[in-house]
Amino acid sequence: RQRQMCIRDSHQGDEVFAQPVESDDFVLLFNGDLYMKEIKESDTKYIFEMFSKVETEDELLNVFMRLEGPFSIILLFKSKLYIARDFLGRNSLLIGKSFEGIFLTSVFDPAGETSNVVELPPLGIFVIDIKSHHVELIPYQELSVLQHYLEQLELLKKITEVKLRSPISQDHQE
């Protein structure tokens, strides 16, 4: 996302932070705005620094649960893709299947395409193992509470099999 303003903005920061953001441990793509008082720089730089400190999946889930505001994130960490939208799904993130395989995008023009594309439901964090191609969903909370998104999950299951894991535990919501 390009930023053209030079004026300091609490969500944008005063400098452009190019994406994707890469370190030795992960690659990050972030689209959104965070509404967290402790952010003093760009949202992307803030998330980059938070993810730079994680070593385990539990720590990674803790970072996801602390984020406040509209966002979509794609994160490659230890041979797994972690994909999520904020709890309300305010930023677009689509998943599709084409002849070449599965892809992720924030926009899609179906004209002339032979792809099956659905909006990724904002139910939690989707984990795709790069080696095995298995897809798992770690829900933000019990899925019975999120009935209105379950139809989207069923559409997603037509593109790829999705295994459900236990919801993110309350200790991740500190």
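Student: Where is S79 placed?

Tutor: S79 sits in the loop between β3 and β4; strands are DSSP runs of E, at least two residues long, helices are runs of H or I of at least four, and both are numbered from the N terminus. This is a predicted model, in which local features need pLDDT of at least 70, side-chain atom pairs count only at pLDDT 80 or more, and totals for chains, interfaces and linings use all residues. Residues are numbered from 1 along each chain as its sequence is written, and side-chain values use heavy atoms, with hydrogens and water left out.

Student: Why is S79 called partly exposed?

Tutor: Buried means under 20% relative accessible area and exposed means over 50%, with partly exposed in between, using a 1.4 Å probe and protein chains only. S79 has 30% relative accessibility, so S79 counts as partly exposed.

Student: What makes the phi of S79 worth a remark?

Tutor: Phi of S79 is near 60 degrees, a positive value in a residue other than glycine. Most residues other than glycine have a negative phi. K78 also has a positive phi, of about 50 degrees, and is not a glycine. K78 lies in the loop between β3 (71-77) and β4 (80-85).

Student: Is K78 buried or exposed?

Tutor: The relative accessible area of K78 is 55%, so K78 is exposed.

Student: What makes the peptide bond from Q19 to P20 cis?

Tutor: Its omega is near 0 degrees. Most peptide bonds are trans. P20 is in the segment before β1 (21-22).

Student: Is R85 buried or exposed?

Tutor: R85, in strand β4, has a relative accessible area of 2%, so R85 is buried.

Student: How do you know that the side chain of R85 makes a polar contact with the side chain of E119?

Tutor: A polar contact is a pair of N or O atoms within 3.5 Å; within protein, one must be able to donate a hydrogen and the other to accept it, and residues adjacent in sequence count only if both atoms are side-chain atoms. The R85 and E119 side chains make such a contact at 3.1 Å. The R85 side chain also reaches the backbone oxygen of L120 at 2.5 Å.

Student: Which residues does R85 touch?

Tutor: Contact means heavy atoms within 4.5 Å. Not counting residues up to four places away in sequence, R85 touches residues including F71, R90, P121 and Y140.

Student: What makes a set of residues a nonpolar core?

Tutor: A nonpolar core is a set of buried Ala, Val, Leu, Ile, Met, Phe, Trp, Tyr and Cys residues joined through side-chain atoms within 4.5 Å. The largest has 31 residues, and L28, L34, I47, F51, I73, L75 and I125 have the most contacts inside it. The elements that give this core two or more residues are β2 (26-32), α1 (43-52), α2 (57-66), β3, β4 and β8. A second, separate core has 20 residues, including I74, L146, Y149 and L156.

Student: Which residues of α2 are buried?

Tutor: Buried residues in α2 are L60, L61, V63, F64 and M65. What covers the buried residues of α2 includes α1, β3, β4, β8 and β9 (135-139).

Student: Which residues does L28 touch?

Tutor: Leaving out residues up to four places away in sequence, L28 touches residues including Q19, P20, I47, F51, I73 and L75.
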